[in-house]
Each structure stands twice: as C-alpha cells, then as structure tokens.
Amino acid sequence: MIYIIGLTIIEIYLFISIGSKIGAFSTILLIFLTAITGIYYARYEGIKTLKSAFVQLSKNEPPSYEILSGAGIAFAALLLIIPGFLTDLIGFLLIFPFTRKMMFKKFSNKFKKEKDLKKDYIEGDFEDIEDDNDRKI
C-alpha cells in the first residue's frame, strides 16, 4: 500500500517538474510516445521470447527462463501503458533483455539463498503394525 502511494507521489512530482521545463503539451506527447514505443518493443520482445521457448521445447528442455521472461515482458508492457515517467523507466528496463537478465539473476540469487537454508529431509511419524489382522482389506 505504501509503495503505491509513494509511486504516485513520485510520478506527480516528475509530471510537475518535467512539465514545467518542457511544457504541458510536450509532456503529454512524451507520455504517449513512450507508451506507444514501449508497447511495440514489448510486442517484438514477446514474439522473440515465444520463438525461443519453442526452440527450447523442440530440444526437450523446459523453457523456464522464457516463461519468466514472458511474464516480465507482460509486466513491462503494463508499466509502459500506465502514464508516468518512473513506471516507463522501470518498464523499459524490464523490456531490454540485458537488464531483464540482470534483474532476474538478482532475484534468483535471493531465492537460491532461501532454498539453501531449507532442510534436505522430511520429518514424519510412522506406526509399526505388528499384527496383519488389524488391517482390513
């Protein structure tokens, strides 16, 4: 909740500061231009990722990175549709493959550390049944 409010405050601040420097019409035009450019580039990267997933499937390998990358591209397209400069910046960072790989690597390292802390065994209880007559078939 606090992140949404903080993001909104930052976006309003950026609208006011950039709008006062380049003008209101130019600011609105820039917002539409980044949204349209981002959506087309997201479409291009999405198709490229889909083709890569089909190549992975044809090799009988799971397309796990491609699935994660596709979700990242979809989220980036959503961020680019939302008007704002900060959301556009985050969206463009997610669209480009180089920065997307860096972000995913950072998050995957975080999850790997949490996985290493987990136990490698399963705890459980068992009951020793001595007499076969207790079982009913």
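Which residue takes a positive phi just after helix 1? In this predicted model, that residue is Gly 23, with a phi of about 100°. Within helix 1, the buried residues are Glu 11, Ser 17 and Gly 19. Their cover includes helix 2 (24-58) and helix 4 (85-95).

The packing of helix 2 against helix 3 was examined next. Two packed helices are described by the angle between their axes and the distance between the axes. The axes of helix 2 and helix 3 come within 9 Å and cross at roughly 170°. The crossing angle is over 145 degrees, and the two helices are therefore roughly antiparallel to each other. Helix 2 contributes to the contact through residues including Ala 35, Gly 38, Ala 42, Glu 45 and Thr 49, while the residues of helix 3 include Ser 69, Gly 70, Ile 73, Ala 77 and Leu 80. By class, the contact has 8 nonpolar, 8 polar and 2 charged residues.

The largest nonpolar core consists of 8 residues, namely Ala 42, Ile 73, Ala 76, Ala 77, Leu 79, Leu 80, Leu 94 and Ile 95. Helix 3 (64-81) and helix 4 are the elements that give two or more residues to this core, and helix 3 supplies the largest share, 5 residues. Beyond its neighbours within four places in sequence, Ile 95 is in contact with Gly 38, Tyr 41, Ala 42, Glu 45, Ala 76, Leu 80 and Arg 100.

Notes. Residues numbered from 1 in each chain as written. Predicted model: local features only at pLDDT ≥ 70, side-chain atom pairs only at ≥ 80, totals over all residues. Heavy atoms only, no water. Buried < 20%, exposed > 50% of the residue type's maximum accessible area, 1.4 Å probe, protein only. Helix = DSSP H or I, 4+ residues; strand = E, 2+ residues; numbered from the N terminus. Contact = heavy atoms within 4.5 Å. Core = buried A, V, L, I, M, F, W, Y, C linked by side-chain atoms within 4.5 Å. Axes fitted to C-alpha atoms, helices over the stretch in contact; angles between N-to-C directions. Parallel < 35°, antiparallel > 145°, perpendicular 65-115°, else oblique. Nonpolar A, V, L, I, M, F, W, Y, C, P; charged D, E, K, R; others polar.
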